[in-house]
Amino acid sequence: MSFLTYFINGLSLGSIYAIIALGYTMVYGIAKMLNFAHGDFIMVGCYIIFSVSRALSGNSIVAIIISIVLCTILGITTEFVAYRPLRGAASPLAVLITAIGVSYLLENIALLIFGADVKSFTSVIKWEGLTFADGQLRIQGVTIVTIVVSIVILITLQLFINKTKQGQAMLAVAEDRGAATLMGINVNKTIMLTFAIGSALAAVAGALLCSAYPSLSPYTGAMPGIKAFVAAVLGGIGSIPGAMIGGLVLGIVEILSKTYISSQLSDAIVFGILVLVLLIKPTGILGKQVQVKV
Amino acid sequence: METLLEIKDLSVYYGVIQALKGISFHVNKGEVVALIGANGAGKTTTLHTLSGLIQADKGSITYKGQELTKLAGNKIVSLGMAQVPEGRRVFAQMTVLQNLKMGAYTRKDKAELEETLKTVYKRFPRLEERKNQLAGTLSGGEQQMLAMGRALMSHPEIILMDEPSMGLSPIFVNEIFSIIEDVNKDGVTVLLVEQNAKKALSIANRAYVLETGSIVKEGDAKELMNDESIKKAYLGE
């Protein structure tokens, strides 16, 4: 029974990684850049929820909505101010380094405003959860909500991309910006929309992450950000179902190795798996090797 | 004859290298105009500048009386100018049908769109047979058809074709060129860029010869075909 509990916890942590990884992978697939500040958007989202729910004496729904809106604005602004001017720069490293700069900037702004001490975050999910088999199997509310939310997000995103014009435009921009422009697609607007979606997802991930692990500091987003990046690469960067699978695998492996092997070694095992998968399949689990006919 | 597209003194630089050295030419409504020349002559640069993928440094592009050089690339297709780019550039991860719908991205009227789709399928029956197949799995010739069908989905007045024969077997080349002629007969003006000068001149009304960024010769396509210097340099006779 305890294995099942750990497995479900892993599934839940994996779902959070997956939501973050979706943002990473969409931005990478469409804007062709790694937004290393993505993890810090999560932290910003958490501080917004923290502050707003304190000001509104615990109204977490409003706090989450405000957090999503502000994170979306943050994402769009970052793209416009920091990344767009570097699009078409001679080296793709320029925008990568800028993203790392944005990451430090956000962390230090948080440090200035909120200080370095760890704040205790009040879970936005008040539900106790479910108990099965006479109390032997207990699943926390936040665990269930996290898994359900991630499934809803995945389905919504897939529908958006495959069924709407904007979603199709994203796929077109991801493949070939020039050809997309010839179709009449505004590439800049499409990339901006991608950042908006990615950042909104970061806010959602933040709310879930801090509810499951209720401590908040300026560096809260850094490690989950890196793990989610690993998840995206593991699943096949650029692929939306890949991000989901990568996130889940990562979360489950992390929790199970923490439980059964060693909590110190768990990160090493996680990254070891990444190395293994990339050795066997360099494009990731669902990554496609694109064959372009000339 | 009504001038549809007029290019005047167009210059484009890549850094310090001048790719187009002030070229001027025009395309009349209903014509097939060929732009021929060797590798690196500036043919693709010309088409990319017309479609707004590259900014012109000097000169003007006037399409139906409207200046295009300051217009964003994504605004141009809805004015009635579509391009079939070099190397097809179909969206390999999308299906044939999704590719065709992308071609009609700027069009709003669903009923009209269905109508255009029918005419495109009629012209390219193979695309209808493979409408749910990923574009990346098509053969080179089929991808060329898809690229043409995709451009036609925008219901263009003029279509810019960049090397439609590139990498195709001789049978497909003949098929593609006869389709270009058909499209033109249906009232679409064609600006055709080709290295296969013989083929291009055989279906064009007029032609311009581009050499290292300048137009060195222009005239009636049939006359150019019999021009000694053209024969020697481009027709391999």
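Tutor: Let's take the labels one at a time, keeping in mind that this is a predicted model.

Student: Let's start with chain A. How do you know how compact it is?

Tutor: Start with its make-up: chain A has 11 helices and 4 strands. Its radius of gyration is 19 Å, and the globule rule gives 19 Å for 294 residues, so chain A is as compact as a globular protein of that length. Along its principal axes, the C-alpha trace spans about 65 × 45 × 35 Å.

Student: And what makes chain B agree with a compact globule?

Tutor: Same kind of check. For 237 residues a compact globule would have a radius of gyration near 18 Å, and chain B has 17 Å, which agrees. The C-alpha trace of chain B spans about 45 × 40 × 35 Å along its principal axes, and the chain contains 9 helices and 10 strands.

Student: Why is A:Gly75 called buried?

Tutor: Count its neighbours. A residue needs 20 or more other C-beta atoms within 10 Å to be buried; A:Gly75 has 28, so it counts as buried. You'll find A:Gly75 in helix H3 (residues 60-83) of chain A.

Student: Which residues does A:Gly75 touch, not counting those up to four places away in sequence?

Tutor: A:Phe41, A:Phe195, A:Ala196, A:Gly198 and A:Ser199. Take A:Ser199: along the chain it is 124 residues from A:Gly75, yet their C-alpha atoms are separated by 5.4 Å.

Student: How much of each chain is buried?

Tutor: In chain A, 50% of the 294 residues count as buried. In chain B, buried residues make up 47% of the 237.

Student: What makes H6(A) roughly perpendicular to H8(A)?

Tutor: Look at the crossing angle. The axes of helix H6 (residues 165-175) and helix H8 of chain A come within 10 Å and cross at roughly 105°. Angles of 65 to 115 degrees count as roughly perpendicular, so H6(A) gets that label relative to H8(A). On the H6(A) side, the contact is made by A:Gln166, A:Ala169, A:Met170 and A:Val173, while H8(A) brings A:Val187, A:Thr190, A:Ile191, A:Leu193 and A:Thr194. By class, that contact has 6 nonpolar, 3 polar and no charged residues.

Student: Which residues touch the most other members of the largest nonpolar core?

Tutor: B:Ala34, B:Leu192 and B:Ala207, out of 165 residues in that core. Its largest share, 16 residues, comes from helix H8 (residues 187-212) of chain A. As for B:Leu192, leaving out residues up to four places away in sequence, its contacts include B:Val32, B:Val33, B:Met161 and B:Ile180. In soluble globular proteins, nonpolar side chains tend to be buried together.

Student: How do you know that chains A and B touch, and how many residues are involved?

Tutor: Two residues are in contact if their C-beta atoms lie within 7 Å. By that test, 24 residues of chain B are in contact with 20 residues of chain A. Helices H2 (96-103) and H5 (140-152) of chain B each give two or more residues to this side, and H2(B) gives the most, with 4. By class, the side of chain B that touches chain A has 8 nonpolar, 14 polar and 2 charged residues.

How values were computed. Residues are numbered from 1 along each chain as its sequence is written. Chains are lettered from A and ligands numbered from 1 in the order in which they are written. This is a predicted model: local features need pLDDT of at least 70, side-chain atom pairs count only at pLDDT 80 or more; totals for chains, interfaces and linings use all residues. A nonpolar core is a set of buried Ala, Val, Leu, Ile, Met, Phe, Trp, Tyr and Cys residues joined through C-beta atoms within 7 Å. A residue is buried if 20 or more other C-beta atoms lie within 10 Å of its own, exposed if 12 or fewer, and partly exposed in between; C-beta atoms are placed from the backbone. Axes are lines fitted to C-alpha atoms, for helices over the stretch in contact, and angles run from 0 to 180 degrees between N-to-C directions. Angles under 35 degrees count as roughly parallel, over 145 as roughly antiparallel, 65 to 115 as roughly perpendicular and the rest as oblique. Ala, Val, Leu, Ile, Met, Phe, Trp, Tyr, Cys and Pro count as nonpolar, Asp, Glu, Lys and Arg as charged, and the others, Gly among them, as polar. The radius of gyration is taken over C-alpha atoms; the globule rule is 2.2 Å times the number of residues to the power 0.38.
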